[in-house]
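This report concerns one protein and its ligand. Please study the sequence and the structure shown below before reading on.

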Amino acid sequence: MYYLGIDIGSSATKLIAIDDNEKIIGRSVIQLGTGTSGVPAAVKAFYENSGLKSSDIAYTVATGYGRQNFAQADVEVSEISCHARGIHHLLPDVRTIIDIGGQDTKAIQISSRGTIQQFTMNDKCAAGTGRFLDVMSKVLDVGLDKLGEVDAQHTEISPISNTCTVFAESEVISKLSAGTPIPNVLAGIHQAVARRVAGLTLRNGIKPDIALTGGVAQNKGIIRALEQELNCTLIIPPDPQITGALGAAFIAREKYLQQTIL
Ligand code: ADP
């Protein structure tokens with residue numbers, strides 16, 4: 001039996017299937033989210049990569065911002081629950097999860113049993129989310145997967161004073177026109193995001209261990225800046241963008257087993 005978790009985010013769609021031994025047997029991540037062709041493209045890639053057929057899947061849990069967009073799901077579960085479940089499985093000592101996605105940033109406190117104790121989410125503003133970094137990556141003409149590498153070359157941090165994405169974009173353009181090196185501007189951008197995220201995380205207090213998840217956790221510049229702001233070490237799971245989908249797959253297995261026992 002195989003169990004599928006699908007996390008339909010604002011900017012990426014992630015699918016993970018596990019077997020009865022909780023081993024990952026299929027994975028796909030497509031950098032297209034809800035409201036686009038992201039879901040069908042991700043589902044197609046998933047079946048091609050995994051060699052599975054849709055009839056092999058016993059139970060499916062959909063999560064994420066666009067979770068209503070997958071009619072084949074047996075049930076929809078909140079992202080908070082799925083992230084908590086995924087991280088608790090991978091890193092049982094984690095008590096605080098910081099998830100930075102394309103549109104949402106969340107800080108989730110979990111107990112030693114993996115239950116959710118409290119959580120905080122960003123307001124509607126793009127600052128402090130992946131969206132802010134997506135805009136800046138285009139302005140700097142540095143690919144998302146190169147942001148960490150370029151940040152590592154900074155000699156000083158050129159601070160960004162505007163939090164609003166539109167004003168911050170103009171500020172970045174002015175800095176580049178004035179000849180500020182790209183790595184220094186980028187370090188300032190990462191610092192601005194990290195300050196927003198740290199403010200949100202500290203609202204409920206942080207308990208170690210602290211994990212950083214979401215697509216943005218692949219950016220070493222953000223890890224550096226956030227560790228500085230929070231004055232702590234962050235633990236990054238091996239494939240941080242898929243932890244919500246992984247948690248959804250675990251919940252799918254559990255729900256299937258409950259259903260068959262009843
Ligand atoms: P959502 O669930 O909201 O779609 P994700 O957790 O999938 O969000 O994260 C999407 C964000 O991850 C994007 O907005 C982008 O900024 C960032 N991202 C995606 N791929 C990379 C990468 N290779 N390196 C750094 N950041 C990335």
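Which of the 19 residues around the ligand come nearest?

## Residues around the ligand

The model discussed here is predicted. Within it, the residues that come nearest to the ligand are Ser11, Ala12, Lys14, Asp134 and Gln241. They belong to a group of 19 residues around the ligand. By residue type, this shell divides into three nonpolar, 13 polar and three charged residues.

## Polar contacts and cover

In Asp134, an N or O atom of the side chain is 2.6 Å from an oxygen atom of the ligand. In Lys14, an N or O atom of the side chain is 2.7 Å from a ligand oxygen atom. The backbone also takes part: a polar backbone atom of Gly102 is 2.9 Å from an oxygen atom of the ligand. On its own, the ligand has 580 Å² of accessible area, and the protein covers 89% of this area.

The ligand takes up the space of the largest pocket.

## The two domains

How is the protein divided by its domain assignment? Domain 1 consists of residues 1–91 + 240–262, while domain 2 consists of residues 93–236. Where the domains are in contact, 14 residues come from domain 1 and 26 residues from domain 2. Their C-alpha centres lie 26 Å apart.

Definitions and conventions. Residues numbered from 1 in each chain as written. Predicted model: local features only at pLDDT ≥ 70, side-chain atom pairs only at ≥ 80, totals over all residues. Heavy atoms only, no water. Near = heavy atom within 4 Å. Polar contact = N/O pair within 3.5 Å; in protein donor to acceptor, adjacent residues only side chain to side chain. Areas by Shrake-Rupley, 256 points an atom, 1.4 Å probe, with all protein chains shown as cover. 1 Å grid on protein atoms, 1.4 Å probe; cavity = no way out; pocket = protein on both sides within 12 Å on 5 of 7 lines; lining within 4 Å. Sits in = over half its atoms within 2 Å of the grid points. Nonpolar A, V, L, I, M, F, W, Y, C, P; charged D, E, K, R; others polar. Domains from an automatic or database assignment. Contact = heavy atoms within 4.5 Å.
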